[in-house]
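Thanks for passing this one along. Here are a few points to read alongside the model.

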Amino acid sequence: MKLLVAFALIASLGALAQAEEEYCHNSVVTACSSSTFSANSICNARFAGIEHVEPEVQAYINSQLTKSYEYLLLATHFNSYQKNRPGFQKLYQGLSDRSFEDSIALIKQITKRGGIVDFNSRHESAASVSTKSPTLEVDELHSLALALDNEKQLATGATHIHTRAIHATERDPEMAHYIEEEYLGKQAESVRKLSGYANDLAKLMKVPDPSLSIYLFDEYLQKQ
């Protein structure tokens with residue numbers, strides 16, 4: 001009798017498990033067969049707190065693209081025959097390329113997590129606090145100061161995303177780890193480098209005619 005009861009219990013449990021599996025399968029089929037996926041759909045790559053950091057990441061992408069364009073204009077300015085500063089041109093071209101590559105990497109990251117990058121809507125963040133267009137036809141020292149401000153804004157924006165990811169109502173450790181690994185250290189290094197350049201050049205220009213000092217500093221930048 002006990003053996004029959006055991007067999008019956010095993011059979012009922014097996015039937016229950018099969019029913020649950022079929023329910024899960026049918027739920028996935030039903031959700032994924034829809035032509036439009038809502039935010040609540042189970043057939044997407046969204047998880048954790050992506051909805052809490054997605055607007056900040058979008059704003060940071062916009063900021064990176066804006067800075068890339070500004071650096072490109074600076075590079076073009078110093079590459080003209082009037083300025084003829086190949087060292088400064090190299091510095092700002094490198095920063096422009098880096099910001100553009102960082103924006104592409106962020107687009108890939110946010111879409112990997114199931115997000116959508118929308119360039120038709122404007123998002124504000126700590127990295128895009130200024131709405132004034134800076135004057136980019138500046139001298140060498142002022143260009144370094146402008147670049148330093150830009151890098152500090154980008155560092156602040158990355159820090160804001162990281163803080164949001166770990167302190168939001170629903171945390172997103174994966175996004176926090178990504179920002180920490182790919183942006184925080186890199187932006188800190190960039191701020192340190194540009195602040196050093198600006199201070200060095202400011203000291204070199206404390207002479208009646210700083211043209212030779214600027215020329216030698218530009219030669220130094222070419223070798224970096």
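1. Which helix holds Gln187? In this predicted model, Gln187 sits in helix α5, which covers residues 173-204. Gln187 is buried, because its relative accessibility of 0% falls under the 20% cut-off.

2. The UniProt record, an unreviewed entry, gives Gln187 and Glu151 the feature "binding site".

3. Glu151 belongs to helix α4, residues 140-167. Glu151 also has a relative accessible area of 0% and is therefore buried.

4. It is worth looking at the surroundings of this pair. Setting aside neighbours within four places in sequence, Glu151 contacts Tyr71, Leu95, Arg98, Gln187, Ser190, Val191 and Leu194. With that same exclusion, the contacts of Gln187 are Tyr60, Gln64, Arg98, Glu151, Leu154 and Ala155.

5. Elsewhere, do have a look at how two other helices pack. The axes of α3 (residues 86-112) and α6 (residues 211-222) come within 7 Å and cross at roughly 45 degrees. The two helices are therefore oblique to each other, and their crossing is left-handed.

6. Which residues make the contact between α3 and α6? From α3 come Pro86, Gly87, Phe88, Lys90 and Leu91, and they meet Phe217, Asp218, Leu221 and Gln222 of α6. By type, the residues of this contact are five nonpolar, two polar and two charged.

Key
Residues are numbered from 1 along each chain as its sequence is written. This is a predicted model: local features need pLDDT of at least 70, side-chain atom pairs count only at pLDDT 80 or more; totals for chains, interfaces and linings use all residues. Side-chain values use heavy atoms; hydrogens and water are left out. Axes are lines fitted to C-alpha atoms, for helices over the stretch in contact, and angles run from 0 to 180 degrees between N-to-C directions. Helices (H or I, at least four residues) and strands (E, at least two) are DSSP runs, numbered from the N terminus. Angles under 35 degrees count as roughly parallel, over 145 as roughly antiparallel, 65 to 115 as roughly perpendicular and the rest as oblique. A crossing is left-handed if the near helix is turned anticlockwise from the far one by less than a right angle, and right-handed if clockwise. Contact means heavy atoms within 4.5 Å. Ala, Val, Leu, Ile, Met, Phe, Trp, Tyr, Cys and Pro count as nonpolar, Asp, Glu, Lys and Arg as charged, and the others, Gly among them, as polar. UniProt positions are given in the numbering used here, feature names are shortened, and annotations may be inferred rather than shown by experiment. Buried means under 20% relative accessible area, exposed over 50%, partly exposed in between (1.4 Å probe, protein chains only).
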